[in-house]
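Please look over the sequence and the model shown below before reading on.

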Amino acid sequence: MLAAAPLLALAACGESGENADRVNEINRDRFVSGDGSNYRWEDPDERFDAPRLQGTDLDGNAVDTDEWAGSVLVVNFWGSWCPPCVAEAPYLVEAAESLAGESVRFLGVNIRDTPDAAKAFENRWGVEYPSIEDEAGRIADQFVDYGLSPNDIPATIVIDAQHRVFSIWRGALDDTETIVADVTKALES
């Protein structure tokens with residue numbers, strides 16, 4: 001099981017430029033990028049139940065994954081201050097667009113950002129799906145027993161239609177096809 005996997009985080013997220021604000025300074029010291037490992041449970045009997053994710057999106061609307069029963073979920077943990085999160089943003093947006101006709105829902109989990117920075121990030125990259133504000137890291141904490149921690153950012157989790165974890169990516173996605181392939185397999189199982 002993934003809980004026994006080594007949990008080394010290798011690459012630090014740094015500030016995103018000369019104009020980094022105090023929030024970026026603080027976050028740079030607290031979070032590290034995932035190690036790039038990927039775990040997949042192709043056998044549905046080996047998957048574990050995903051926790052119910054609830055929160056408020058960046059526009060103040062309530063989000064509850066229980067309302068998305070029957071849909072495959074793609075949950076991405078990100079911060080505007082994290083360079084690997086910036087690098088993968090176009091791939092996630094493209095994947096969400098290419099899967100728009102399927103029974104798939106995308107959800108961002110914004111880690112330790114100011115509301116203005118998070119909204120600017122979404123506007124810059126054209127993110128259409130909701131993101132839950134998770135300043136305290138409580139949502140990521142729900143996955144700790146399975147090898148994901150609030151220190152793993154970015155991270156992406158694919159959850160099947162029965163709301164069991166299909167795959168976990170600890171690190172930035174480097175193309176659209178990878179996440180689309182995982183979601184397609186989750187849709188088929």
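Predicted model: local features only at pLDDT ≥ 70, side-chain atom pairs only at ≥ 80, totals over all residues.

## Aromatic pairs

The structure contains four aromatic pairs. In one of them, the ring centres of Phe-77 and Phe-143 lie 6.3 Å apart with their planes at 80 degrees, so this pair is edge-to-face. The two residues come from distant parts of the chain, 66 residues apart, with Phe-77 in strand S6 (residues 72-78) and Phe-143 in the loop between helix H4 (138-141) and strand S9 (155-159). Phe-77 is buried, having a relative accessible area of 2%, and Phe-143 is also buried, at 0% relative accessibility.

The rings of Phe-106 and Tyr-129 also pair, with centres 5.4 Å apart and planes at 35 degrees, so their arrangement is tilted. This pair again links distant parts of the chain, since Phe-106 belongs to strand S7 (residues 104-110) and Tyr-129 to the loop between helix H3 (115-125) and strand S8 (131-133), 23 residues apart. Phe-106 is buried at a relative accessible area of 7%, while Tyr-129, at 13% relative accessibility, falls under the 20% limit and therefore counts as buried.

## Packing of H2 and H3

Helix H2 (residues 83-98) packs with H3 at an angle of about 50 degrees, the axes being 10 Å apart, which makes H2 oblique to H3. The crossing of these two helices is right-handed.

On the H2 side, Cys-85, Val-86, Ala-89, Pro-90 and Val-93 take part in the contact, and they meet Phe-121, Arg-124 and Trp-125 in H3. The residues of this contact comprise seven nonpolar, no polar and one charged.

Definitions and conventions: Residues numbered from 1 in each chain as written. Heavy atoms only, no water. Phe/Tyr/Trp six-rings, centres within 6.5 Å; stacked < 30°, edge-to-face > 60°. Helix = DSSP H or I, 4+ residues; strand = E, 2+ residues; numbered from the N terminus. Buried < 20%, exposed > 50% of the residue type's maximum accessible area, 1.4 Å probe, protein only. Axes fitted to C-alpha atoms, helices over the stretch in contact; angles between N-to-C directions. Parallel < 35°, antiparallel > 145°, perpendicular 65-115°, else oblique. Left-handed = near helix turned anticlockwise from the far one by under 90°. Contact = heavy atoms within 4.5 Å. Nonpolar A, V, L, I, M, F, W, Y, C, P; charged D, E, K, R; others polar.
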